[in-house]
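Subject: Handover of a structure and findings

Dear colleague,

Please find below the structure that I am handing over to you.

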Amino acid sequence: MRNSKLSNQLDLLLLLSDTRGYTIAELCERINISRRNLYYLFDFLREAGFVLFKKGDLYHIDRRSPFFAQLLKTIQFSDNEMRTIYNLLLMAGTGSEVVNQLRHKLDNAYNFSVNVNSPQHRHILNNVKLISTAILNKRMVRIVGYSSPHSQTVSDRIVEPFFLMNNNQDIRCYELKTKMNKTFRINRMERVEMVDTPWLYEDQHRQIFTDLFMFSGEERMRIKLRLGQLSRNLFLEEYPQSFNYLSPIDDNHWLLDIEVSDYRGIGRFVLGLLSDIQIIENDKFTTFIRSQLLHHLEKLETT
């Protein structure tokens with residue numbers, strides 16, 4: 001009986017994954033179940049986080065449902081990830097036949113080599129290789145002729161590089177002069193020189209963190225929220241990749257346990273659904289929400 005129920009659930013999931021859709025009658029006939037049992041299966045899919053759409057008489061599952069988003073994230077590489085792999089294969093040289101075959105296959109699929117042979121790309125790739133070596137050996141480097149758009153200057157920087165970011169376009173470093181962690185764009189460097197000095201400030205290295213709401217910073221702030229059914233469903237629809245941050249409390253409530261780098265992203269969501277959300281953990285976030293509410297009340301009073 002249990003296997004039969006599971007088989008029906010899987011069969012229905014496969015059918016509804018077809019975006020052309022099926023009518024109630026077609027689904028019942030294909031799975032060989034009653035309408036009543038079909039509606040039970042619909043409820044099961046909704047509770048599992050699938051977004052069920054009806055267009056006319058046809059039903060199908062939205063591919064943006066949390067399950068599919070998580071599945072694709074697990075098994076599929078993004079274009080940026082594939083470009084990073086290709087760059088790493090380039091850096092490995094031509095001494096391995098396996099590496100050459102992989103590079104050739106990726107180039108056939110993505111046509112990466114169109115830009116690879118340009119002087120600018122070769123220059124950036126050489127800088128990336130030297131920085132990668134410095135990170136591996138925990139050595140300082142001198143960034144020569146760095147063009148900063150903020151200070152509108154061109155200067156040399158002595159840094160401890162420790163993390164390549166954004167498809168090897170940026171490098172996270174600890175700068176000795178300012179005693180700060182900074183992110184440098186590799187294409188703004190005239191060249192990179194290895195310094196024969198080991199890291200001295202490894203305990204000060206801080207990677208930048210980008211949260212679910214696309215706010216970035218060095219600090220991670222943990223927040224726990226109790227979501228009702230409405231806020232939980234809307235959160236998953238707006239942020240399908242948040243599926244792993246949610247766990248059931250009871251039949252009608254879910255725990256959202258998440259780290260953020262700024263309160264504004266999660267705060268916008270909480271303020272919009274305050275009657276359906278309870279802050280369980282993070283007093284500073286509670287203070288932030290209170291201050292936002294007072295600010296909005298004051299604005300209303302002055303209008």
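Over how many bridges do β3 and β7 pair, and in which sense, parallel or antiparallel? β3 and β7 pair over five bridges, in the antiparallel sense.

Please note that this is a predicted model, in which local features need pLDDT of at least 70 and side-chain atom pairs count only at pLDDT 80 or more, while totals for chains, interfaces and linings use all residues. Residues are numbered from 1 along each chain as its sequence is written, and side-chain values use heavy atoms, with hydrogens and water left out. Helices (H or I, at least four residues) and strands (E, at least two) are DSSP runs, numbered from the N terminus. Two strands pair if DSSP finds at least two bridges between them.

The five-stranded sheet

β3 and β7 belong to an open sheet of five strands, which has the order β6-β5-β4-β3-β7 and antiparallel pairing. Its edge strands, β6 (180-185) and β7 (191-198), each pair on one side only. On average, neighbouring strands of this sheet are turned by 45° against each other, direction ignored; such angles run from 0 to 180 degrees between N-to-C directions, and axes are lines fitted to C-alpha atoms, for helices over the stretch in contact.

Strand β3 (residues 139-148) has seven of its 10 residues buried, so it is largely enclosed by the rest of the structure. Buried here means under 20% relative accessible area, with a 1.4 Å probe and protein chains only. Arg-139 has Pro-198 in β7 as its bridge partner. On pairing with strand β4 (residues 153-165), β3 forms six bridges in the antiparallel sense, and the partner of Arg-142 in β4 is Ile-158. The hairpin of β3 and β4 has four residues between the strands, and Gln-152 takes a positive phi near 55° there.

Strand β5 (residues 170-175) is joined to β6 by six bridges, and the two run antiparallel. Asp-170 stands opposite Arg-185 in β6, and Arg-172 has Thr-183 of β6 as its bridge partner. In the hairpin of β5 and β6, four residues lie between the strands, and Lys-179 takes a positive phi near 55°.

The four-stranded sheet

A further open sheet has four strands in the order β11-β12-β10-β13, again with antiparallel pairing. β11 (246-248) and β13 (277-281) stand at the edges with a single partner strand each, so one side of each is left without a neighbour in the sheet. The twist from one strand to the next averages 25°. Three bridges join β11 to strand β12 (residues 253-260), and these strands run antiparallel. Pro-248 stands opposite Trp-254 in β12.

Helix α9 (residues 229-238) packs on this sheet and touches β10 (221-228), β11, β12 and β13; its direction makes about 120° with that of β10. Contact means heavy atoms within 4.5 Å. α11 also packs on the sheet, touching β10 and β13, and its direction makes about 145° with that of β13.

The helix pair

The axes of helix α10 (residues 263-272) and helix α11 (residues 283-302) come within 11 Å and cross at roughly 60°. The residues that make the contact include Tyr-263, Ile-266 and Leu-271 of α10, and Phe-285, Phe-288 and Leu-293 of α11.

Yours sincerely

Notes. Buried means under 20% relative accessible area, exposed over 50%, partly exposed in between (1.4 Å probe, protein chains only).
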